[in-house]
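This briefing summarises the fold-level properties of one protein chain and then turns to selected residues. Please consult the sequence and the model alongside the text.

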Amino acid sequence: MGSFTEATTTAGLRDGVYESTLDTEWSLGENPHGGYMMALLTKAALTTACRTHPLAVSTHFLRSPEIGAVELHTEAVKRGRLYTTVHARMVQNGKSCVEATVTAGEISDAAHAWEAHQQPPITPFQECDEHRTPAENLLGHIDVRLDPRSTAFLRGETSGDEVRGWMQLTDGTDFDPLSLIVAVDLLPPTVFGLGHGGWCPTVELTYQLRGLPAPGPIATYTRCDALSADGWFNEDAAVYDARGRLVAQSRQLALSGNALNHR
C-alpha cells in the first residue's frame, strides 16, 4: 500500500501549479479523506511558500472530487520575515473542490512556555487493542485504537460529546506536521455519541500546528460544544505526542448525517 509520503507526491506543472493523484487507499469508501486532501493541498502551499511547517491551515470543502488526477493551484499573498501566507485550490475538471489559506513558517521543538491544560486522561495504548477501527482504505495505513471509555456508541448507546483514541502509522514512520492534519479529522464523529449517525461531511476545518511531534503513537481527543436543531455541529480536536505535549489543534464545522437524511 502507498505510504503517506507516496500519496502526497506532487509535481510542478508551471509557476504555482502542481499536479497530483488522489490515492484510493487514502479514502473512506469512494470519497478521498478530507484531512488527506487538506494535507496534499498544504504540501503544495509549503512548496510555494519555501517554508517548512504549516502553522495554520483554514480549509473549505466545496465538493468531493473523484479519485484520480487533480491540480493544485497556489498563490503567495504575503511573504514576511516570520511567515508566508498562501491561497491554495484543489481543481478537478476545471472546478475548485477544496480551497485553503495556509500560514507557513517554522516552529521549534522547544517545550511550550505555558500551557493552560495538561494532557487529559486516556486508556493506555496497549489496553485499547480490542477497539481498533476496521483496516479499510485509509484506515489500512493508520492504526486507530479507540479509548473504550468513549465508544458506547458502537453498542448503540449514547456516550457523550467526546471521542478519544490513539493513532500510529502502519508503515513504521512517525507523524509529522503534515500528516497530523489527517489525524485531527480521523476519529469517528463526536455526534455518534449523541445518537446521530451516517456520513457527516466537513464544511470547514481549521488546523493549527502547536509543536513538532515526538516519535511514537499520538493521542487524539475530539469534542462537540453544540449540535443545532438543523444538524450543524462543531468538532474540536487536540493531539498530544508520546511526551504528552500538545502538538496540534483543530476546529471544524460539519453537518450531521441524520440531518442530511431528512433533507
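Among contacts in the protein chain (heavy atoms within 4.5 Å) between residues at least 6 apart in sequence, 67% join residues at least 24 apart. The model is predicted, so local features need pLDDT of at least 70 and side-chain atom pairs count only at pLDDT 80 or more, while totals for chains, interfaces and linings use all residues. Residues are numbered from 1 along each chain as its sequence is written, and side-chain values use heavy atoms, with hydrogens and water left out.

**Overall architecture**

- The protein chain contains four helices and 14 strands; these are DSSP runs numbered from the N terminus, with helices (H or I) of at least four residues and strands (E) of at least two.
- The radius of gyration of the protein chain is 18 Å, which agrees with the value near 18 Å for a compact globule of 263 residues; the radius is taken over C-alpha atoms, and the globule rule is 2.2 Å times the number of residues to the power 0.38.
- The C-alpha trace spans about 50 × 45 × 35 Å along its principal axes.

**Surface and charge**

- Of the 263 residues in the protein chain, 51% are buried; buried means under 20% relative accessible area, exposed over 50%, and partly exposed in between, with a 1.4 Å probe and protein chains only.
- The accessible surface of the protein chain comes to about 12,200 Å², and carbon and sulfur atoms account for 50% of this area; the areas come from the Shrake-Rupley method with a 1.4 Å probe, and for residues only the protein chains shown count as cover.
- There are 20 positive and 32 negative side chains, and the centres of the two sets lie 7 Å apart.
- In this count Lys and Arg are positive and Asp and Glu negative, without His and the chain ends; each charge is placed at NZ of Lys, CZ of Arg, CG of Asp or CD of Glu.

**Buried residues and their contacts**

- Threonine 48 lies in helix H2 (residues 34-49) and counts as buried because its relative accessibility is 11%.
- The side chain of threonine 48 forms a polar contact with the side chain of tyrosine 18 at 2.9 Å; such a contact is a pair of N or O atoms within 3.5 Å, and within protein one must be able to donate a hydrogen and the other to accept it, with residues adjacent in sequence counted only if both atoms are side-chain atoms.
- Beyond its neighbours within four places in sequence, threonine 48 touches residues including Gly16, Thr74, Arg79 and Val86.
- Proline 32 belongs to strand E4 (residues 31-32), and its 5% relative accessibility is why this residue counts as buried.
- Setting aside neighbours within four places in sequence, proline 32 is in contact with Leu22, Trp26, Ser27, Met37, Ser64, Pro65 and Ile67.
- Arginine 245 sits in the loop between strand E13 (232-240) and strand E14 (246-255) and, at 16% relative accessibility, counts as buried.

**Backbone phi values**

- Most residues other than glycine have a negative phi.
- Cysteine 50, in the loop between H2 and strand E5 (53-61), has a positive phi near 55° and counts as exposed at 66% relative accessibility.
- Asparagine 93, in the loop between strand E7 (84-92) and strand E8 (95-105), has a positive phi of about 55° and counts as exposed at 74% relative accessibility.
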